[in-house]
Amino acid sequence: MQPSHTHMQPIHSLDDPRVAAYRNLKDRDFAREGVRFIAEGEYVVRRLLESGWGVESVLAAEAKLGAVAPLVPAGVPLYAASRETVSGIVGFEFHRGVLAIGHRRPAPSVADLARTWGSRVTLLVLPEITNTENLGALFRIAAGFGVDGVILGERCCDPLYRLCIRVSMGTVFRLPIARSDDVTRDLRALRDAHGVELAAAVLDDDAVPLPQCPRGERLGLLLGSEAHGLAAQHVALCSRRVTIPMRLGTDSLNVAVAAAVMLYEFTR
């Protein structure tokens, strides 16, 4: 059914209460315990609108209305304003032209994800990624290589922070993402109950070089934090320890770059 555009509402004042939730975004984070999040940029908002996630409203600069208005479902307010007014509302010079407020979904458990898997599965397990930009890049990479699910540990940052969503290019709305409240317990369940072979990405000289590391039908690749790598108790649960051979004295790669290299090898 084609959306009706009678829901388009012009905004002329920075103090209009209808757009209060968008005001001064640089000073607010939509907390993990909250029910809403912010998506920004035409491409990201487009992916949100196409995803089936709940959308509370959309705020668009007038130059972006032609691209965005046909995607906004009937019943979702579309607030239209000049670029200057949009920048004034959000509290900084905003060039992307489109924002939306989305509604969070309950995160599935690892058991919920497992019910959707076929015989061949590739998982990305992230016990402790605390950099939102890295986490967004990891989502985009996981989506690009067709990962069947991403499992976030209890100490990972919020996958619905604005920067994380933006860097992911909206793939966070498409990926199956589980939030674990006990990643050690869930790693044991992956290994023992669901037949997932766990592989730890490490820097150790005695780890198996990536080109020589075979994979089974069900693989869970663990990548550690930017500062400290994987915790010893998580590595101990893995049947394989794998490393990327490097030259010229390079000792490590950014976690998202490492994920891309490893997922390419394991999914090609």
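A residue is called buried under 20% relative accessible area, exposed over 50% and partly exposed in between (1.4 Å probe, protein chains only). The model is predicted, so local features need pLDDT of at least 70 and side-chain atom pairs count only at pLDDT 80 or more, while totals for chains, interfaces and linings use all residues. Residues are numbered from 1 along each chain as its sequence is written, and side-chain values use heavy atoms, with hydrogens and water left out.

In one of them, R120 pairs with E217, with 3.1 Å between the closest N and O atoms. Because R120 sits in the loop between α4 (110–114) and β6 (121–126) and E217 in the loop between β10 (208–209) and β11 (218–222), this pair ties together parts 97 residues apart in sequence. Helices (H or I, at least four residues) and strands (E, at least two) are DSSP runs, numbered from the N terminus. Both partners are partly exposed, R120 at 43% relative accessible area and E217 at 44%.

The side chains of R241 and D206 also meet in a salt bridge, at 3.0 Å from N to O. This pair links distant parts of the chain, with R241 in strand β12 (residues 240–243) and D206 in the loop between β9 (197–201) and β10, 35 residues apart. Here R241 is partly exposed at 25%, whereas D206 is exposed at 60%.

A further salt bridge joins D192 and R191 (2.8 Å, N to O); D192 is exposed at 55% and R191 partly exposed at 34%.

How values were computed:
Salt bridge = Lys/Arg side-chain N within 4 Å of Asp/Glu carboxyl O.
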